[in-house]
Structure formats: C-alpha cells, structure tokens
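Subject: Structure for you to take over

Hello,

I am handing this structure over to you.

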Amino acid sequence: MHLSKNLRTSPTPPPFRWSHLWEPAIVNPTNLKSYTIPFFNLRDPYARTFHLSWLGFFVAFLSWFAFPPLIPDAIASDLSLTDDQIANSNIVALAATLIVRGLAGPLVDHWGPRKVMAAILLIGAIPSGLAGTANSAGALYALRFFIGILGATFVPCQAWTSAFFDKSCVGAANAFVGGWGDMGGGATFVIMASLFQTLTSTYGLTAHVAWRAAFVIVPVPILFGVATMVLVFGEDHPAGKWTDRHSFATTDPEDKQVVNEPPVFNSKKDSKGVERTHISVQPTDTLEDQSTIVGGAVDKSFSLSMMKDIVSSPPTWLLALAYFTTLGVQLAIGSKMADVLFSLYSERRPNFTQITAGYYTSIFGFLNLVTRPFGGCFADVLYRSFGIKGKKIWTLVCGLTMGLTLVAGGFYLEQSEINSNAQLPILMGVFSLSAIFSEIGNGANFALVPHCNVNSNGFMSGFVGCIGNLGGIIFTLIFRFESDDGTGFWIIGIICIAINLLLFPIRISES
C-alpha cells in the first residue's frame with residue numbers, strides 16, 4: 001500500500017493570516033494535522049471534514065429537537081398529554097442519547113467518525129419518518145427514544161475534527177463544529193414552528209395532520225441527504241482510510257519516542273515560503289499495538305483496559321462533571337423554556353402562541369453561532385500563555401457563572417410566578433446569560449478534551465458527551481418532580497455551583 005499527498009507543511013504553527021481562511025491547510029508534518037482551518041476552501045479535505053462535522057450534528061437536531069416547539073399546544077392537545085407525560089417524553093429522548101453516546105465512542109475508535117456519523121443519521125431518519133404514527137403517550141415515548149439516537153452525532157463530530165486539526169487549533173475547531181452544530185437546536189424551533197403554521201394557515205391542514213406531516217417534510221430527506229454527503233465527500237483520517245491510521249507512523253515531538261518508521265518527506269517551498277510536501281506513507285510490519293502517534297498522542301484501538309484507565313482517571317471526571325453542568329443546563333433550557341413561556345404568557349399576552357414561545361426559545365440555540373466557538377477559541381488563547389491550567393480554569397469559571405445566573409433567574413421566576421408579574425425581557429435576559437455561559441463552557445470543555453486521555457479521542461468524547469447528557473436528564477427530572485419552575489431553576493444553579501467548585505483541585509498534566 002502506498003499513500004501520497006501534496007500538502008503545505010510547517011514545523012511550527014504559523015502566525016495567523018486572514019488568507020488561512022481560504023488557502024489550503026498548513027499541516028504539521030509529524031502528524032498530518034492542520035494548524036489552520038480553511039473555512040472557505042471546500043476543495044481542501046480539512047475544510048470538508050470541518051464542515052461535514054458540524055453539518056451532520058446540525059441536521060440531527062431537526063428531528064431530535066423537533067418535538068419541543070410543537071408539544072406545548074399542538075402535540076399535547078392532539079395526544080391529550082399531561083404535563084408529567086410531556087416531561088417524561090423529554091427525559092426519554094435524552095436517555096436514548098445518553099446510551100448511544102456511550103456506545104458511539106468505541107464505535108468511532110473502531111470504524112472511524114465518518115462512518116459512525118453517517119450510520120447514526122441514516123438510522124435516526126427511520127423513526128423520524130414514523131413520528132406521525134404516534135397516537136398515545138406510550139407511542140410518543142417509543143418514537144422519541146429512537147429519534148434520540150441522533151443526539152449521538154456529537155461524538156463523531158468532535159472526534160472527526162480532533163483527528164484532523166493540530167492541538168494548537170483543535171480547541172477552536174471543536175468549538176466551532178460543536179457550536180454551529182448546536183445551532184440546529186435554535187433552527188429547529190424556527191423551522192418546525194414556521195412549517196406547522198404554514199401547513200395550518202396556508203394549506204388548511206388540521207393540527208392533527210400538520211405536526212405529523214412536518215416530520216416527513218423536513219427531517220427525513222435532510223438526514224438521508226447529509227448522510228450521503230458524509231459518505232461521498234468525507235475522509236476518514238489525514239492518512240487516508242481509517243484502517244490506514246495504523247500504517248502512518250512518526251515521532252512523538254514531546255516524548256521523543258519513535259514508533260515504527262517515519263514517513264518520507266520531500267519538500268519544496270512555494271512562492272510564499274511555505275513548504276509543499278509530497279508524503280509517502282508506507283505500511284509497517286508491526287501492528288500488534290495498533291497504534292499511531294497523532295498530535296503527540298498514541299491513537300490506539302479501543303479496548304476494555306483502555307476504557308478502565310480512562311474511566312478511573314480524575315481528569316476524565318473533571319471534564320465529564322463540568323460538562324454535566326454546562327450541557328445539562330443547555331439541554332434543560334432547550335426542552336423546558338418553550339413550555340415555561342407558553343404557560344406564563346399564552347393568556348396574559350395577546351397572540352402569544354406556541355409558535356411565539358418557540359421563536360423566543362430558538363434564541364438560546366442560535367447563540368451557539370458565537371458562544372461555543374468563543375469558548376474554544378479563548379481556551380486556545382489561554383493555552384498559549386498558561387497551558388492546560390488556563391483551559392481548565394476557564395471551563396470551570398464558565399460553569400460557576402452559569403450557576404449563579406440560574407440561581408438569580410430561578411428566584412426571579414419563583415417570585416414572579418407567585419405575583420404573576422414576570423417581565424418577558426427580564427426573564428429572557430437572565431436566562432440568556434445562563435445559556436451564554438453554558439455554551440461558552442461547552443466550547444471550553446471540548447477544547448480541553450483532546451489533552452486528556454489522548455489515546456482514545458472517540459471514547460473520551462463519547463464518555464464526556466454521555467455524562468453531559470446525563471446532566472440534561474437529571475435537570476429535566478428536577479422539573480418533572482418540582483412543580484414550581486422557578487424553584488427548579490435555582491436548585492439546578494446551586495448544583496452547578498457546587499460541582500464546579502469541587503472540581504478546581506483536580507489537576508491535569510500537560511500533554
């Protein structure tokens with residue numbers, strides 16, 4: 001086997017230039033990972049990987065989050081759902097994502113993120129097409145459980161960019177694809193609410209038919225289409241096929257450890273002084289440990305011993321529990337806020353419908369356009385000056401700030417519910433701050449993930465994502481058993497503050 005690539009290489013990360021946004025990627029020759037993110041150069045495989053990563057995660061929301069904007073009125077009335085049944089359906093959807101995220105990590109390590117991403121989208125499209133068959137609360141639970149599989153696209157999304165981008169920019173890459181993917185939550189509220197309104201007001205469909213038709217019209221064809229794009233236009237790994245990652249061998253720049261034989265480089269500088277390198281990657285004869293040095297990390301195949309090492313590592317739990325709070329809050333707000341707004345203002349404000357509540361709730365999802373990327377980019381800036389410690393403190397400070405705003409918002413909502421005087425601008429302002437810091441914290445967290453337990457980006461991403469989803473379930477359960485929404489929010493805020501304070505003493509070694 002022989003793999004050849006023509007790449008622009010540099011032994012160190014180059015200073016930022018705006019032209020990096022459209023010029024071909026500049027690659028670290030020791031690991032074939034890119035120092036730059038060529039957003040606008042779709043001919044470049046690194047750019048295609050970047051865009052397919054976030055797009056796959058983005059479209060998963062079109063089905064995964066399609067129920068909350070329609071449940072407060074249309075679906076609840078059609079299926080005669082109680083408040084408890086609505087809460088149960090939200091919990092079931094998050095439980096499915098938790099389970100599949102846990103499974104997706106090992107699958108990514110074995111099959112690669114591209115194939116796992118496509119498989120999740122294709123499998124999730126099937127129950128999405130069957131959503132309209134729901135005729136009871138039990139049927140809704142079953143459908144939301146299997147549609148919840150789509151939330152696991154987050155794992156290959158993060159593992160894919162971690163495999164293609166160097167640690168000097170992997171925080172930004174992971175944060176951008178995670179944030180732009182998370183925008184799907186906001187887009188879904190707008191798309192599904194607008195489509196429902198169009199089907200009922202313009203085409204004269206009943207609510208019973210309209211919400212069912214909406215699932216077939218939007219999520220199903222898009223999920224199939226993006227899955228096809230991932231398979232056709234994506235690449236498994238900088239070395240080629242996912243199985244070829246074991247054939248690519250090089251030198252760990254920090255440990256000075258040579259694994260197998262290094263690739264052969266023949267370099268020539270272009271007119272701008274950047275090396276263009278022809279790389280010949282030869283397979284090795286010794287593959288017992290199935291390993292390759294990737295960005296100073298040995299990317300090994302998943303094993304039970306590796307899983308034990310990762311799960312017993314304190315840094316793993318620092319990241320997992322921090323994500324428990326930040327992603328948990330993001331999911332709880334996304335699933336609960338439309339219902340809160342509709343119950344508060346549907347009778348107090350003229351023309352405040354479930355559509356209006358959905359539009360307001362979409363704001364929290366659209367904030368991810370800038371919030372999560374900012375969290376990861378700023379983490380990379382801190383890393384250059386303060387190392388891993390800077391990223392860790394930034395992650396935990398975001399969680400603490402989020403918790404404080406939740407406590408404030410919860411007490412305000414609790415008192416306002418008693419006096420029936422909740423002001424919509426104040427409510428949205430406070431909880432927007434909570435959403436902003438939760439999303440910034442998510443970006444900071446996954447800027448730190450590639451530095452911890454680096455032998456398995458797939459399992460590590462899956463485990464942290466899984467625990468984050470558990471946070472969403474626990475916080476949704478609080479709303480399920482606490483009838484006062486304001487009390488639920490401040491209880492969640494106190495939990496978040498306590499967890500993030502307890503995580504400060506945990507140390508993460510420089511990688």
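Leu32 counts as buried, because its relative accessibility is 1% and buried means under 20%. Leu32 sits in the loop between strand S2 (26-28) and strand S3 (33-34). Its phi is near 65°, a positive value in a residue other than glycine. Most residues other than glycine have a negative phi. Ser80 also has a positive phi, of about 55°, although it is not a glycine. Ser80 lies in the loop between H2 and helix H3 (83-111). With a relative accessible area of 59%, Ser80 is exposed.

Please keep in mind that this is a predicted model.

Overall picture

The protein has 17 helices and 7 strands. Of its 511 residues, 61% are buried. Among contacts between residues at least 6 apart in sequence, 76% join residues at least 24 apart. The protein exposes about 19,400 Å², and carbon and sulfur atoms supply 65% of that area.

Cores

The largest nonpolar core has 128 residues, and Phe50, Phe67, Leu121 and Leu341 touch the most other members. Helix H11 (residues 314-345) gives the largest share of this core, with 18 residues. A second, separate core has 9 residues, including Ala104, Val108, Val116 and Ile149.

For Phe50, leaving out residues up to four places away in sequence, the residues touched are Ile37, Phe39, Thr161, Phe165, Ala173, Phe176, Val177 and Trp180.

In helix H8 (residues 207-217), the buried residues are Ala210, Trp211, Arg212, Ala214 and Phe215. These buried residues pack against helix H1 (45-64), helix H2 (71-79), helix H4 (113-129), helix H7 (170-201) and H9.

Helix H9 (residues 219-233) also supplies the largest share of a nonpolar patch, namely 5 residues. The patch is on the surface and is formed by Leu122, Phe224, Met229, Leu231, Val232 and Phe233, which together have about 520 Å² of accessible area. Val232 has its place in helix H9. Val232 counts as exposed because its relative accessibility is 55%, and the cut-off for exposed is over 50%.

Helix H16 (residues 457-481) has 25 residues, which at 1.5 Å a residue should span 36 Å. Of the 25 residues of H16, 21 are buried, so the helix is largely enclosed by the rest of the structure.

Salt bridges

How many salt bridges does a search of the whole structure find? There are 9 salt bridges. Some of them are described here.

Asp182 forms a salt bridge with Arg372, with the closest N and O atoms 2.9 Å apart. This pair links distant parts of the chain, since Asp182 is in helix H7 and Arg372 in helix H13, 190 residues apart. Asp182 is buried, with a relative accessible area of 3%. Arg372 is buried as well, at 1% relative accessibility. Helix H13, where Arg372 is found, covers residues 371-386. Not counting residues up to four places away in sequence, Arg372 touches Phe154, Gln158, Ala175, Gly178, Gly179, Asp182, Tyr323, Glu439, Asn442, Gly443 and Phe446.

Arg48 forms a salt bridge with Glu235, and here the closest N and O atoms are 3.5 Å apart. Arg48 lies in helix H1 and Glu235 in the loop between H9 and strand S4 (264-269), so the pair ties together parts that are 187 residues apart in sequence. Glu235 is partly exposed, with a relative accessible area of 28%.

Arg17 is paired with Glu23 in a salt bridge whose closest N and O atoms are 3.6 Å apart. Arg17 is partly exposed, at a relative accessible area of 36%, whereas Glu23 counts as buried at 8% relative accessibility.

Lys336, Asp339 and Asp485 are linked in a network of salt bridges.

Regards

Key: Residues numbered from 1 in each chain as written. Predicted model: local features only at pLDDT ≥ 70, side-chain atom pairs only at ≥ 80, totals over all residues. Heavy atoms only, no water. Core = buried A, V, L, I, M, F, W, Y, C linked by side-chain atoms within 4.5 Å. Buried < 20%, exposed > 50% of the residue type's maximum accessible area, 1.4 Å probe, protein only. Helix = DSSP H or I, 4+ residues; strand = E, 2+ residues; numbered from the N terminus. Contact = heavy atoms within 4.5 Å. Patch = residues over 30% accessible without salt bridge, like charges linked within 9 Å, V, L, I, M, F, W, Y side chains within 5 Å. Areas by Shrake-Rupley, 256 points an atom, 1.4 Å probe, with all protein chains shown as cover. Salt bridge = Lys/Arg side-chain N within 4 Å of Asp/Glu carboxyl O. Expected span 1.5 Å × (residues − 1).
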